[in-house]
Amino acid sequence: MTHAITNAKLQEPTVVGSHATATAPVFESLSVLDLFKIGVGPSSSHTVGPMRAALDFVEQAAAAGVVERIARLRIDLLGSLGATGSGHGTDTAVMLGLSGLAPDTVETPQIAATLAEIRDRGILSFGGVRDVPFDEAKAFVFRPLTVRAEHPNALRLTAYDADDETLVTAGYYSIGGGFVMRHDEGDVLSPVPAPAPMLHEVPHPFTHGDELVALCRETGLSVPELMLENEGAWRSREETIAQLERIWAVMQECVAHGIATEGVLPGGLDVQRRAKPWHDKLLARDAAPKSGRPDLLEGMEWVNLYALAVNEENAAGARVVTAPTNGAAGIIPAVMHYADNFADCVDDEVSWPVRFLLAAGAIGIIIKSNASISGAEVGCQGEVGSACAMAAAGFAAVLGATPEQLENAAEIGIEHNLGLTCDPIKGLVQIPCIERNAMASVKAINAARMAQQGDGTHYVSLDTAVETMRRTGADMSDKYKETALGGLAVTYVEC
């Protein structure tokens, strides 16, 4: 099946959302802040995206002046959203969005309180202003076998009046990483909501790894420096730095909360949280007297812990940073925490966490421009593989790597995740997702260190690896693309 959206070039689409404008030019370049977004778990494509779509639907209904006439709501979840939407929290995310809540600003206590009120009262406060009768079991229609040609993650929201006449309806594709495209039965696509206004073309445009390295050679800029100049197309240098510092702060908060929380993850698999007891063991071991040979890989256990902490938070539906997806949200924070605690990362004019995120974002832009970061499109290689490559590049950058070494680190990171399937048991972002983040975090660190031992010369380029990932995803059976219809998802049941 071909999913055409991945490499679609949008020519002046209708821009909607908080930055609506009829004439704003849209360039192909992405901002690093498009890839790192604060949201809620457990899935960027199945939770964050649909929540944004539902919030946009509220805005459409308000613009049409029909909110006061709404008597019933229907939500059709198609393809992968229909197959694993319940396990991935798509239904709850849509309810939150319809209630007027946004993934980047909703507080964790609000989530539980809002859902409890809807279920207890059988009433949904549409946009926070109009009480609409809402029977969750009837409002959601799961259609896993209806797979649209444009993208496997599709949903349609419809509002009816008291006579059951359609007041407003809108369809959406959730294309990964929290990105959402609006559609009208396959017609012209547009971003929802728009990223920050693209008022100026970036000074150093690139979509491929070889272009990025060539630009660095020509300008004498490092990858983070070049990215920071490009970000000036969206906002001031100071604002970009401040927002990336906030992203790092939220990542730290997520790890801290994850290692302090005990209990069982929701969803029915009864997966016990491991981060807190593991953290307690590591602290006790570090406090104990040392004897014998030192454990040279002790840092790796902390990396595993950091990744588990984030992804357990994600599985619980708490606040995480999409990096570049929720399913892979633990990899970049884990490697950044390793860099903070075990590596010699020196701040210069720009702090090392900002440089890390800028370099990682450059690789994410390349992957998203030429392949996909969506597990529903290309399997887990698009999520964990992309995050591994991004983390490897970020770590290489703060270790002082050249642009050539950084590109090599990213290539190693993605090459050794090629073919990785997305087969979550019961459709939950828990098994194998949580441990998979830990494994990829260690792999990213190794990739950066391997690349640093060379001069950047290598046989397989990042661009070749990304294209291979795209082709592998196209060849991969749909049952291995976030549908819970193949792999561990069915072998677990059969056993």
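For the region named "domain: Serine dehydratase-like alpha subunit", the UniProt record, an unreviewed entry, lists residues 218-489; UniProt positions are given here in the numbering used for the model, with feature names shortened, and annotations may be inferred rather than shown by experiment. Over residues 218-489 the chain is 60% helix and 1% strand, with the end C-alpha atoms 49 Å apart, where helices (H or I, at least four residues) and strands (E, at least two) are DSSP runs numbered from the N terminus.

The structure is a predicted model, in which local features need pLDDT of at least 70 and side-chain atom pairs count only at pLDDT 80 or more, while totals for chains, interfaces and linings use all residues. Residues are numbered from 1 along each chain as its sequence is written, and side-chain values use heavy atoms, with hydrogens and water left out. The mean pLDDT (the predictor's confidence in each residue, from 0 to 100) of the chain is 88, and 90% of its residues reach 70 or more. Over residues 1-28 the pLDDT is below 50, although this stretch has 60 contacts in the model beyond near neighbours in sequence, a contact being defined by heavy atoms within 4.5 Å. The pLDDT is also below 50 over residues 186-190, a stretch with 17 contacts beyond near neighbours in sequence.

Val132 is found in strand S4, which comprises residues 130-133, and is buried at a relative accessible area of 0%; buried denotes under 20% relative accessible area, exposed over 50% and partly exposed in between, with a 1.4 Å probe and protein chains only. Leaving aside neighbours within four places in sequence, Val132 is in contact with residues including Ile70, Ala71, Arg72 and Leu73, as well as Gly122, Ile123 and Leu124.

A search of the whole structure finds 7 aromatic pairs, for which the rings of Phe, Tyr and Trp (its six-membered ring) must have centres within 6.5 Å, planes under 30 degrees apart counting as stacked, over 60 as edge-to-face and the rest as tilted. Phe134 and Phe140 form an edge-to-face pair, at 6.1 Å centre to centre and 85 degrees between the planes. Phe134 is buried, with a relative accessible area of 5%, and Phe140 is likewise buried at 6%. Ring pairs link Phe134, Phe140 and Phe142 into a cluster.

Charged groups also lie over aromatic rings, the criterion being that NZ of Lys or CZ of Arg is within 6 Å of the ring centre and within 35 degrees of the ring normal. Arg72, one of the residues in contact with Val132, lies over the face of Tyr160 at 4.0 Å from the ring centre, and the charged end of Lys368 sits over the ring of Phe179, 4.2 Å from its centre.
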